[in-house]
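Please brief me on this protein model. I would like the main points on confidence, open space, helices and backbone geometry.

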Amino acid sequence: MQTTKVDTPSSKVSEGPSAFEFRKLAQDGKARLGEIHTPRGVIRTPAFMPVGTVATVKALYPEQVRDAGADILLGNTYHLMLRPGAERVAKLGGLHKFMRWEKPILTDSGGFQVMSLGKIRKITEEGVAFQSHIDGSRHMLSPERSIEIQCLLGSDIQMQFDECIELPAERKEVERAMELSLRWAERSKRAFEMQLSSGGAGPGQALFAIVQGGTDIPLRHRSADALVAMDFPGYAVGGLAVGEGHEAMIATLGETLPHLPSEKPRYLMGVGTPLDLIESVRLGVDMFDCVMPTRNGRHGYAFTWGGPLNLRNAKFAEDMAPLDEFSSCPAAKDFSRAYVHHLIKSGEFLGAMILSWVNTVFYQDLMAAMRAAIAEGRFDDWATETKARIIASPQSAPAP
C-alpha cells in the first residue's frame, strides 16, 4: 500500500515554543505515523506509555524505561492524590522532578479507579464520594478536583473526569454513564481553562476528552460527536478492554474512530496485548497504555519475538537458551530461561525486574517497528508477518 506523506502541522494548542502540537507525518491505510510536540519533548506515535501508577514503573529504574525508548509515561490521579498527596508532590517540585522523569507524563483522571471501588463509593452529579482503599478516609473526586490534582502534579497531558463501567451492562446504564461523562467533560474543560488563566497549568499542557458508550455504536457516535463539538486537543476511547472481548473491542473501535478528528491524536485507554496494539494501530490509534508489560513480568511471563513465555513452566528448568535472542534488551540476551525460571520459582525480586525490563523493551520495540512499517508503506505485510511470528514457537521465529 502506498504511504501518504503528511508534512503540515495537524493541530496546535497555543503558540510559540511551548505549544502542544500534533503532526501527522505519514499514513498507510488508516495507520498513522506522527509526533506530539510538548515543551518536555516529542512523543513519537504510535506510542505506548508504560504505566507509572504511583510515580514509578514497577521494578524498573527511570533510566531503563527511557533507554527502552519510551517518550511518555502514565501517572495515576487516584493513587497519587491519596499517597503522597497532590499538594505534597507540587510542594516537592511536581511529578517530573519527584520521580526523576523529565519527558512528558500523561495522567488519567482517577475515574476508572474510583468506579472500581464498588460498595465504598457513591456516584452523584457532583462527582464520586469514596473511601480510600489505604486507610478508609473519605474523599470527593469531581471533575474540578480531578483537574486541580492533575495540574498540581504538573502532567503534560491530562484527562477529563469520566465514568467507566464494566461490560457487559444494560444499555440504559451505559447511556446514563455516557451522558454523565459528557457533562463532566464540559466541567473538566472549564476547570482546565480556569487553571490556564490562573497559571495553574502551562500553555504546553493539554486536556483530552474520553469517548464512552460501551459497545453500543449509536451511543459511541453520540459521545464522540458531542466531545468533538467541545473542541479538545486530543481524544481518548475509554471503556473498552473491560470485559467485552477482543473482537467486540476492535469492532467498536472501528466504528468510533471515524467520528474523531483526523488531525488530532487518538488514545485507546488501558490496552493491551501485542495483538490488540497491532490491530488498533491498523485502525488509526496513536497512543496506548497498559500495565501488562510489568504486571505480567512480575508474574513470570515474558513477551518475546517468538511468542509469549511462561517462565514458571517446569520445561524451562534446564533451558539455557536466552530469553529472546532477537530482543534489543541486554537482559533478554544475557540471562538464560533456566536462570529466570529459578528466580521466579524462588520468589526472587531479580526475576520480576528482569522480565519487567524485557517486556518494557519488547513493547517499545514493537511500537518502533510499527512506526517504521508505516513510514515505509508496508504496515499490512508487516502486521501479517509479525502476528505469525509472535504466536510461533521461539525456535522458529525469524529476527524482527
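Which residue just after H6 takes a positive phi? Gly154 does, at about 85°. The model is predicted, so local features need pLDDT of at least 70, side-chain atom pairs count only at pLDDT 80 or more, and totals for chains, interfaces and linings use all residues. Residues are numbered from 1 along each chain as its sequence is written, and side-chain values use heavy atoms, with hydrogens and water left out.

**Confidence**

- The protein chain has a mean pLDDT of 94; pLDDT is the predictor's confidence in each residue, from 0 to 100.
- A pLDDT of 70 or more is reached by 95% of the residues.
- Residues 393-399 have pLDDT below 50. Beyond near neighbours in sequence, this stretch makes 13 contacts in the model (a contact means heavy atoms within 4.5 Å).

**Largest pocket**

- Rolling a probe the size of a water molecule over the atoms shows where empty space is left.
- The search uses a 1 Å grid over the protein atoms alone. A pocket is an open set of points with protein on both sides within 12 Å along at least five of seven lines. A cavity is a set of points where a 1.4 Å probe fits but cannot get out. Lining residues have an atom within 4 Å of a point.
- The largest pocket has a volume of about 850 Å³. Volume here is the space filled by probe spheres set on the points, with grid points joined across faces, edges and corners.
- Its lining holds 37 residues. Phe112, Gln113, Gly270, Asp289 and Val291 lie nearest the centre of the pocket.
- Four elements each supply at least two residues of this lining: strand S7 (73-76), helix H5 (111-115), strand S16 (287-290) and helix H11 (292-298). Helices (H or I, at least four residues) and strands (E, at least two) are DSSP runs, numbered from the N terminus.
- H11 gives the largest share of the pocket lining, five residues.
- The pocket lining divides into 14 nonpolar, 16 polar and seven charged residues. Ala, Val, Leu, Ile, Met, Phe, Trp, Tyr, Cys and Pro count as nonpolar, Asp, Glu, Lys and Arg as charged, and the others, Gly among them, as polar.

**Cavities**

- The structure holds three cavities of 30 Å³ or more.
- The largest cavity contains about 60 Å³ of space.
- Residues lining the largest cavity include Glu163, Ile165, Met178 and Gly239.
- That cavity lining divides into five nonpolar, four polar and one charged.

- In H6 (residues 143-153), the buried residues include Pro143, Ile147, Gln150 and Leu153. Buried means under 20% relative accessible area, exposed over 50%, and partly exposed in between (1.4 Å probe, protein chains only).
- An α-helix has 3.6 residues a turn, so residues three or four places apart point the same way.
- H7 (residues 171-198) has 28 residues, which should span 40 Å at 1.5 Å a residue. Its end C-alpha atoms are 40 Å apart, which agrees. The expected span is 1.5 Å times one less than the number of residues.
- Just after H7, Gly199 takes a positive phi of about 90°.
- Ala185 lies in H7 and is buried, with a relative accessible area of 0%.
- Leaving aside neighbours within four places in sequence, Ala185 contacts Gln160, Phe161, Leu227, Met230 and Phe232.
- Ala185 and Ala209 are 24 residues apart in sequence, yet 6.6 Å apart in space, C-alpha to C-alpha.

**Loops and backbone geometry**

- Most residues other than glycine have a negative phi, and most peptide bonds are trans.
- The Thr45 to Pro46 peptide bond is cis, with omega near 5°. Pro46 sits in the loop between strand S5 (41-45) and strand S6 (47-50).
- The Arg83 to Pro84 peptide bond is also cis, with omega near 10°. Pro84 sits in the loop between helix H2 (77-82) and helix H3 (86-91).
- Ala55 has a positive phi, near 70°. Ala55 lies in the loop between S6 and helix H1 (62-68), and counts as buried because its relative accessibility is 15%.
- Arg100 has a positive phi of about 60°. Arg100 lies in the loop between helix H4 (95-99) and strand S8 (105-108), and counts as exposed because its relative accessibility is 52%.
- Phe335 lies in the loop between helix H12 (330-334) and helix H13 (337-346). At 27% relative accessibility, Phe335 counts as partly exposed.
- Phe335 touches Ala321, Pro322, Leu323, Val340 and Ile354, not counting residues up to four places away in sequence.
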